[in-house]
Amino acid sequence: MSKTPTKPLLGGLGCHIPPTDLIQLDPHLLPGGPKPGEVIELTGGSNCGKSSLAQHLIATALLPHTWRGIKIGGCGAVVMLVDCDLHFSILQLENRMQKRIKQCLRLGKDALKKRKLGQQAEENVIVDEEEIRKLLHSDKGSIKNEIISLVKQCLKSLSYLRCTNSTQYAITLLSLEEYMMELNGVSLLVIDSLSAYSWYDRVYRAKSWTKLKDYYNGIFTTVMACIKKYSVVMIATKGILFSRKFWEDDYRDKTRLQTDSKEEGEMKDAEEDMEGVSERELFGNVWSSHVTHRIILSLQHNPTTGSIIGQQTEDSFSERNDTTSSVSNVTPGGSNSIANKSLNSTTSCSDRYMYTAELTANQNKTKLMYAIHEEGIRWQNK
Amino acid sequence: MRLTAGMCPALTQDVIEKLKECNIKNILDFMKTDPEALAMKASISYRDLCSIRRVIIAHSAAFVVRGEDLLKEAITATKVIPTGTAELDRVLGGGVLTGEVVELCGGWGVGKSSLCVTLATHAALHLGLSVLYIDPLNSISALRFTPVIEKLSEDAGTVEEALSRIKVESPADVWGLLKALDLVKQPYLSFGRFNTGGCNRFNSNNPSGKIKLVILDSLASILTPLFIGSTKQELGMINQLAAALKSLACEQEVAILVVNNVVQADYGKRRKRNDMYDEWKPALGRFWESVPHTRLFIQRLPNSIRQHTKELPTSHAQNMQDSMTINISVWKSTRLKQTVSMKAQNPEVNISLF
């Protein structure tokens with residue numbers, strides 16, 4: 001073999017940095033953390049918080065574990081995001097991460113106060129008391145700047161890949177190995193919406209559903225091999241493409257799979273539980289057999305018709321821009337009022353839309369509820 | 001995508017023939033195969049295969065952007081386009097954001113097009129933006145603009161100059177639509193309609209020819225003809241169009257406003273008793289449902305229905321004479337979700353149109 005092609009080989013063997021642990025990724029949803037090589041699938045209908053949950057997990061993965069003596073609870077990992085739905089907003093992610101740090105800072109402050117009064121403080125917030133005191137002695141402006149630069153630092157370990165068509169999507173997935181070598185130490189791969197191009201693929205690439213599965217099987221065999229080889233945790237969101245009825249009809253017509261009535265009955269039962277979520281795998285058996293955690297998300301209607309606490313939470317963009325009347329640039333950083341507002345918002349959980357996440361892993365089912373807040377997702381205790 | 005000779009110096013006709021023997025006909029087949037195994041099977045040098053692979057990746061795969069650079073780019077490029085109505089701006093969190101696809105949906109004759117005309121005029125006149133107004137129904141006319149313009153206090157010259165910044169396209173089908181969207185990619189657009197000497201002078205002083213706002217009136221009317229064929233064909237088309245719209249929005253940093261109808265069909269899904277939005281659903285099916293970043297639902301308020309329920313509920317002429325009040329609520333948003341509490345998550349505004 002000649003000399004030039006040995007570069008990727010050596011890259012694969014020698015220079016590969018083992019990825020960071022993601023045990024802290026989400027103690028509520030994934031107690032014990034995802035193990036390297038595991039695949040987490042987020043499914044659900046439109047507007048049920050798939051991308052939000054994915055973004056929350058990205059933020060956790062990017063943030064450091066501790067910062068200036070305060071426990072942030074992140075993983076400090078290198079994340080690769082393949083964005084096919086084009087719904088990702090970096091400004092939103094930045095905003096969320098900043099809010100999250102500010103919240104931790106506030107918790108740290110409270111814990112310090114408690115400690116001063118001789119009460120039992122929450123141990124897990126404070127890692128190094130001296131460091132926090134030093135930080136709190138500096139003025140507000142410099143703390144703010146430090147937070148901004150910390151977020152920027154974290155964003156350095158995010159690699160963003162935007163796929164704008166089906167071919168690009170397929171080739172990007174097939175060349176994951178090359179990306180993994182280029183971006184050393186990736187520990188989390190997020191694909192926002194596997195299903196972004198499935199209809200296009202179905203119509204223009206595959207003549208039938210079975211062919212489409214073959215097509216996806218081909219792609220995911222490569223992807224999964226790469227995930228295993230580089231010990232990456234993969235999170236993928238997947239939209240629901242069709243209702244049960246339509247899908248079943250089509251399935252019967254096109255593939256003529258012999259489904260005996262018993263099996264079909266089971267299928268119906270399973271589906272009724274999930275309100276039209278089709279359990280049959282569109283992406284082929286390679287994908288479904290590698291999924292270790294399947295999380296089904298749904299929007300809970302109106303949990304409690306609680307009172308609404310004022311106008312405490314406005315959108316960040318309006319905060320940034322409410323004085324400008326014409327087209328204006330979005331500036332990062334947020335305003336001072338955010339801190340106060342977030343304080344209020346901690347009390348207003350009951351006013352928010354609740355989302356449910358049903359996790360299926362190792363044949364165990366758990367159901368969790370969460371609300372989406374400015375700084376990310378907050379799990380609700382039952 | 002086919003493998004063609006000359007894509008890469010290593011990819012000669014000879015190599016293509018050898019690959020064909022191994023059942024590799026297109027780029028995807030090639031990318032799926034492990035180069036080491038292929039090198040042995042097809043007796044092509046591993047080095048060549050790797051360089052072909054690299055060329056394909058460079059050409060077709062996504063480009064890696066560091067989060068930090070992405071943020072820098074977003075800060076400089078993202079703009080908020082206010083809608084001109086304070087209440088709507090509040091609901092949208094400042095206005096329409098570039099890089100986003102916003103959907104306006106509502107029944108027939110509730111004022112979707114009127115709202116679009118108002119937005120286009122506001123953007124062109126007060127913000128000095130170039131607007132692409134795609135109108136497949138050919139429903140836009142001078143008459144439609146008249147009531148909006150009449151309310152303005154600006155002098156005729158300014159208004160005319162502003163209107164010249166609104167480019168109206170009326171594509172006949174989806175392909176026409178895709179072609180019309182290509183206009184957005186042009187760095188500068190010369191507008192033919194009011195191309196007087198004065199206008200040219202102005203434009204050269206203020207080269208704001210790049211389109212920043214695209215309004216696509218009645219998407220459903222353009223896609224409905226496809227329903228006649230197979231549903232799958234149509235869904236494939238929707239998928240393609242959705243990808244085209246969204247990539248256009250983020251690559252060219254434009255805001256796209258799409259008008260959609262609402263239907264009562266529930267896509268075969270068993271309806272639940274307490275469905276959140278009664279029976280109305282956006283048209284174009286389940287796949288399209290998740291495409292826009294933000295979805296606004298428009299309803300006409302009862303008091304204004306009284307004015308219009310004579311014989312012609314959708315009559316444009318009537319809409320123009322008396323102002324009407326519409327109610328706008330947010331159905332879906334990727335941006336507003338986590339920041340807004342329940343009351344404000346489904347915020348509603350009532351605004352008056354002319």
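This is a predicted model: local features need pLDDT of at least 70, side-chain atom pairs count only at pLDDT 80 or more; totals for chains, interfaces and linings use all residues.

Start by selecting ten strands, in the order E12(A)-E11(A)-E10(A)-E8(A)-E1(A)-E7(A)-E6(A)-E4(A)-E5(A)-E1(B): they form an open sheet with mixed pairing. At the edges sit strand E12 (376-380) of chain A and strand E1 (64-66) of chain B, each pairing on one side only. On average, neighbouring strands here are turned by 25° against each other, ignoring direction.

Zoom in on strand E11 (residues 364-373) of chain A, which runs antiparallel to E12(A) and is joined to it by five bridges. Pick A:Ala371 and you'll find its bridge partner in E12(A), A:Arg378.

**Over to chain B.** Now show helix H5 (residues 67-77) of chain B. H5 lies across strand E5 (158-162) of chain A and E1 of chain B, at about 80° to E1(B).

Next, select helix H3 (residues 35-42) of chain B. Which residues of H3 are buried? They're B:Pro35, B:Leu38, B:Ala39 and B:Ala42. Those four cover an arc of only 105° around the axis, so they end up on the same side of H3(B). Just past H3(B), check B:Ser43, with a positive phi of about 45°.

**Last stop.** Select A:Thr222, in helix H9 (residues 209-229) of chain A. Leaving out residues up to four places away in sequence, A:Thr222 touches A:Leu174 and B:Lys32.

Notes
Residues are numbered from 1 along each chain as its sequence is written. Chains are lettered from A and ligands numbered from 1 in the order in which they are written. Side-chain values use heavy atoms; hydrogens and water are left out. Helices (H or I, at least four residues) and strands (E, at least two) are DSSP runs, numbered from the N terminus. Contact means heavy atoms within 4.5 Å. Two strands pair if DSSP finds at least two bridges between them. Axes are lines fitted to C-alpha atoms, for helices over the stretch in contact, and angles run from 0 to 180 degrees between N-to-C directions. Buried means under 20% relative accessible area, exposed over 50%, partly exposed in between (1.4 Å probe, protein chains only). The arc is that of the directions from the helix axis to the C-beta atoms.
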